Amino acid sequence: MLSALFLFVQIGFAQELTISGKVTDKATGESLPGVSILLKGTTRGTVTDLDGKYTIKGQKGQTLTFSFMGYLSQPVTIGSQTVIDIKLVSETKKIEEVMVVGYGIQKKREITGSIAKVESNQIANKITPSFESALAGQAAGVNVTTGSGMAGSGSVIRIRGISSISSGGDPLYVVDGIPITNDIFGLGGRTGGMNVNPLASINANDIESIEVLKDASAAGIYGSRGANGVVIVTTKHGKSKQLTVDFSTRQSISNPDKKVNMCNAQEWLQLYQEAWENDGNTGIPTGLPGGLTWAQAQKNNTDWWNEITRTGYKQDYNLSANYAGKKFKVYAGATYDNDQSYMIGNVMKRMSGKLNLDYAFSPNYTLQLSTTLTGTKTDLPGNPWDGGLGAAMGYALPIYPIYNADGTFFKGGGNAGNPIMMNKLQTQNNKDTRTINSLAFMAKPIKNLTLTLNSAVDYYDFSNNGNQNGYTRTGLWYQWNNYKYVLNYNYFALASYDFTLQNGHSLTAMIGHEYQRSKTTGTSYTLEQAVKAGDPSTATTSIVAAERWAFISFFTRINYKYKDRYIVQGSLRADGSSRFGKNKKYGYFPTIALGWIVSEESFLKGNNILSFLKLKTSYGITGNSNIPNYEAIGTYTIPTASSYYNGLPIRYQTKYSNPELQWEPTQSFDAGFEAGFFDGRINTEAAFFYKYTTKVFINQAVSATTGFGNQWQNLATIRNRGVEFNINTRNFVGDFTWNTNFNIASLQNKVLSVGGLTGEVGGGTNDTRILVGYPVGTNMLVRVSRIDPADGRPIYLDKNGNETKVYKFEGDDGYKVPIGKVIPDFTGGCTNTFAYKGFELSALLTFSYGSKIYDSSAKRQMGLATDWNFRTDRFDRWRKPGDIAKYPRMSLNGSSLGKDGEVWFNSDMWLYNGSYVRMKNLTFSYNIPTNILKPAHIKAAKVSLSGTNLFTFTKYPGADPEVARDFDNATDRNMSVNVNFLNPPQERTYSLSLNLTF
């Protein structure tokens, strides 16, 4: 009996085999590390190593299941073999790639619109002030300008050009189906020299993907708000079949990507003395700025740039968990960011929490809950021209000391002349609390019918707070607190039906209704507080008048397909808005699109070279409604102490009504193709677009006889057209991979009409104009022919090209001509990603070509000798007869440069080439082998080293060629993106990050 038992055990052990092998991608042959291998019916399992290899023990007849995210699971029954090599099939072979579109998702191959998709891994390693900045260089036709190194600053995003003048030109932002609040001017506009940025409250770590809808076919479903494009942000949901916890941290240091070379005290005094002598004076110069004598000035040499900058330090921590069961899915995340920029006094701290829940009551009924809560505080160093970095490039002269002899702050140059004083004696910050919440119910009560009801609330609480020490004022301390509260409510209801048709026909119809309502309220509090007992104090509290707006919409979309190759899509949206005149409350926005998947035809199907080809075209009308509230109606004052007449309170009209005010409609035509070669090794997409916008808003001055100053009118016509091209290539596959993504877009923008207005339309910080036949935001400047070698004076050109030494800017007989433009001819980006086993290197280059930069700082820094510091570029100046110089003679008087009494000369001497190529991001990462991590119960770990804005190739001599100054209104933002005025350059950042998965 014992011998029989011993034999049975021997037989049992003999059946247990050691199985080994390698797992690869069937299409590419690449090794797949991290593939899960489970012995069915047991708890025994393993994962593949970095080379895709594995070893596991099993018995004949048992089943091994190979599974990996993005691939189809593959079961294999163990036979007598001990080596089992597996080739997994990508899940995309079964489930095609889908993209988020307006109010739903759609298979990519069936999309007829122009949509750019940016995945979460494409923004993960980008060190940017806000998530939208990470779109730079990632999508053709999407021009992203990040113009500041300040923590939390925003970007200017233009999708296929500029179609607006006085109205907002930014795209509509939709987060998980909710059109969110993004009105920077309604929240306070500019505070501390920085525009308010509501998008900074959105945590990039929670983003799953970003889809940019560019043409009418894609954005038309948003009707009256789709003309400037739509940015759809989709956040993460539970997707892991096992509870997965992710932790990541990033530690970064930063400095300005370029230091502007300003004169030291000796250099400044030399230039000032030269100006003094050139003007016919002798002896020691007098009348120095700040009330200093020459001897006092010689004792000082303050490097204000070094005094108010530092090495910035940033840290962020992210913790998230996700799980996807049969009925219940959850994603939860929490983040803490501490972004200390290189400017002393500028810090942004953000805490956020995110929760997405999906619960399926049954296969046909699902409830989704999404909530986000974010709190942000941004400390501001002050306006660029006093407490901020701009002061070091402007009024803060190197001859000024920081302190007087008695230890008090020197203030002879005013507050703007001592940024250290303003940093110490003034505090200012922005605080915001934001919560975005939605509850959605999806039902499939009968076959082919899907119903969706979504209700959402976006609440934004914003405040700007600060105080100034009495030393910086007239003796009274000053405190202010400004609050804005925005309650944005939205709901939509959808019904979608898939019609079952015969003979290769398929049809899906969707109808929907949406309602959105927003209310903005606020309070303003100021206090002038006595310094000494007995001095008067004054406090003022005012209530900001509530503003409300609402949209009501009805829309439908039909998708038709025949034989999986011929596609027709049409949509229609009707929008009603409270912002428009009583005669124009409703607008209608239709679109039509056609697609032909040529590769499904018999003459191409199975082609070994051209594996996919789709032709597509679309036409549609979208609109822009981004204007201030109540501009269509006549508004009145509320009686106050200042509105009395003859001792009685009065109410009078303050705004000129316009009952005909309506949307800016944009007609868009798009034609393009998508092509794939060599079974997906090369994928390309190209499109030609044409946008024709009429009835463009202009906040136009009206006749004084009306008793009013301005009125919003639909006047202008603007055309945008261009070509976009994108290519993705998998250059090498296998253990070593190399992938390339390149995109480029051209743009031609022209104002075709200004509705009968004569001459030029001003605006845009008064440095750019609107002119018929020229792009939006054209610089009107006096041309400089050369510097006269005989006397060092500039020689200008009049309108007819005749040389003159007289400067004349304004008036019909002025010399200014259209010469520079905001909009570049080409923009784009190129990303190369190299990987070998666990190592990966990714490099993103962005570029812009053809725009000009008008440096409004330079005309102060390199013109007359005033109370501004000089840039060292000014050394290339005329000094004696016969000199060939770039800049004119030094002088204290405008007459020397062509006009007596003039201080700032608006000429093309300060207009520069704005083209650049920038290494936007470089990241090197390493995935730690799973066999090392397994004892610590860590599923995956990655260490990354990255750099942002590492170098820039440009001919622009200023701080940064990527210019987007902070604006006072939407007109500035549309027209003056290329105007630099003391802009803090972007940050060059170095980061070390760690990602762990448990």
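Biologist: What makes the space of about 380 Å³ a cavity?
Modeller: This is a predicted model, and its largest cavity has a volume of about 380 Å³. A 1.4 Å probe fits there but cannot get out, so the space is called a cavity and not a pocket.

Biologist: Which residues are closest to its centre?
Modeller: They are Asn143, Thr145, Val822, Ile823 and Pro824, out of 30 lining residues. Each has an atom within 4 Å of a cavity point, which is why they count as lining.

Biologist: Which elements give two or more residues to that lining?
Modeller: Strands E11 (142–146), E12 (155–159), E37 (736–746), E45 (826–836) and E47 (852–855) do.

Biologist: How do the lining residues of the largest cavity divide by class?
Modeller: There are 14 nonpolar, ten polar and six charged residues. Val, Ile and Pro count as nonpolar, so Val822, Ile823 and Pro824 belong to that class.

Biologist: What is the volume of the second largest cavity?
Modeller: That one comes to about 220 Å³. Among its 22 lining residues, Gly154, Ser155, Val156, Ile184 and Arg973 are the closest to the centre. The whole lining has nine nonpolar, eight polar and five charged residues.

Key:
Residues are numbered from 1 along each chain as its sequence is written. This is a predicted model: local features need pLDDT of at least 70, side-chain atom pairs count only at pLDDT 80 or more; totals for chains, interfaces and linings use all residues. Side-chain values use heavy atoms; hydrogens and water are left out. On a 1 Å grid over the protein atoms alone, a cavity is a set of points where a 1.4 Å probe fits but cannot get out, and a pocket is an open set with protein on both sides within 12 Å along at least five of seven lines; lining residues have an atom within 4 Å of a point. Grid points are joined across faces, edges and corners, and a volume is the space filled by probe spheres set on the points. Helices (H or I, at least four residues) and strands (E, at least two) are DSSP runs, numbered from the N terminus.
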